[in-house]
Amino acid sequence: MFGQPTTTTPSPTDRGLEDLDAAALAYAARIEGLPPERRQEARDDLVRFALPFAGRLARRYRGRGEPLEDLEQVARLGLVNAVDRYDPERGSFTAYAAITIVGEIKRHFRDRTWGVHVPRRLRDLILEVGQATSALTSELSRAPTVAELAERLETPQEEILAALESAAGYSPASLNAPVGGESSAEFGDLVGESDNALESVDDRVTVSGLLHRLPWRERRILAMRFYGNQTQAEIAARFGISQMHVSRLLSRALTWLRQAMLADAPPPWQNGAEAESGRTRIAVRHAGDRVVVEVGGEVDRDGADQLRRAVLGALTGQPREVVVELDRAGGVDAGGVAALMAGRDAAERSGVPLRLTGAQPAVRRSLTAAGFAPATAPRR
């Protein structure tokens, strides 16, 4: 009356199967002849039934730096692939599923978990070295040597060493990891880095020596421009010269420095009339009962001695007054200021007045800082 009952193969869970191979065969029989859209339920039943098997395989690889949850997810993905590709005619499902799941887990370790790039061949060898190390350690009751690992794996010792060294790239230490203890320092603070400034040490030392060969004014202008970050207009105002003149002085000084840096021996600073104008010139003349010391050029370290002798010599005759005319002095460096201070001290001891006149603005500021009375403007 009701016709023949419909017969279907019970699902693995309904049958309570514990044998995975039997469950897989039942799954294959169940889906035979079914359209693809009706196979999903049977597929899900077999996957759920085999999940504990995949979990056991995943747990074999715990403790290797990867969370167990991630390994279980990878193992389940391998299980799904094994179910989708299963063919009963090719043999045991359990063996096929184990190979597929373990392959997915190893691929995960090889491709997704390395902190640095390591060639695939070397990563595979690292896994083999790890397995051989565990086996030999159990057999020998000690850690195996490189030679023993090479013999077990039939691999040259050089490749074993490369694998052992590359294994450190799996999980490199973070540079932001704390050093330890109560210190707030990080590991990156202890790692040295290349100092590009070391490459310029020779150049800096060479330039420092060459700068002392320049006249005082040029040295001062270079310092103000490149160390004081002052503009050419500001430098011109301090020296009482035009901005164009400052530009020419800078260009000439830089050109000479470049040539001196490339030459075995520094070239002379200036030639001809320019050399004469830059050189210290001291002239002493008598004007009645006064002695006038005329100073010209740049009074640098070399010219300071000459200036000191001239001033002290002018004081020896006990004149009514000694006048040092500085209107033609382009610059007076620390040595020149020291020479004038020595003359001032000698004048105070001898009771002869010493007066400075005609100093340029830059020279006047240096003298004022040294304690001299403000010098008068240059003579017209």
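## Report on a predicted chain

Relative accessibility places Phe93 at 0%, hence buried, where buried means under 20% relative accessible area, exposed over 50% and partly exposed in between (1.4 Å probe, protein chains only). The model is predicted: local features need pLDDT of at least 70, side-chain atom pairs count only at pLDDT 80 or more, and totals for chains, interfaces and linings use all residues. Residues are numbered from 1 along each chain as its sequence is written, and side-chain values use heavy atoms, with hydrogens and water left out.

The structure holds one aromatic pair. Its members are Tyr86 and Phe93, in an edge-to-face arrangement with 5.0 Å centre to centre and 80° between the planes. Rings of Phe, Tyr and Trp (its six-membered ring) pair if their centres lie within 6.5 Å; planes under 30 degrees apart count as stacked, over 60 as edge-to-face and the rest as tilted.

| Residue | Relative accessibility | Class |
|---|---|---|
| Tyr86 | 13% | buried |
| Phe93 | 0% | buried |

Across the chain, buried residues make up 36% of the 380 residues. The accessible surface comes to about 23,000 Å², and carbon and sulfur atoms contribute 50% of that area; the areas come from the Shrake-Rupley method with a 1.4 Å probe, and for residues only the protein chains shown count as cover.

The chain has 16 helices and four strands. These are DSSP runs numbered from the N terminus: helices are H or I with at least four residues, strands E with at least two. Of the contacts with a separation of 6 or more, 58% join residues 24 or more positions apart, contact meaning heavy atoms within 4.5 Å.
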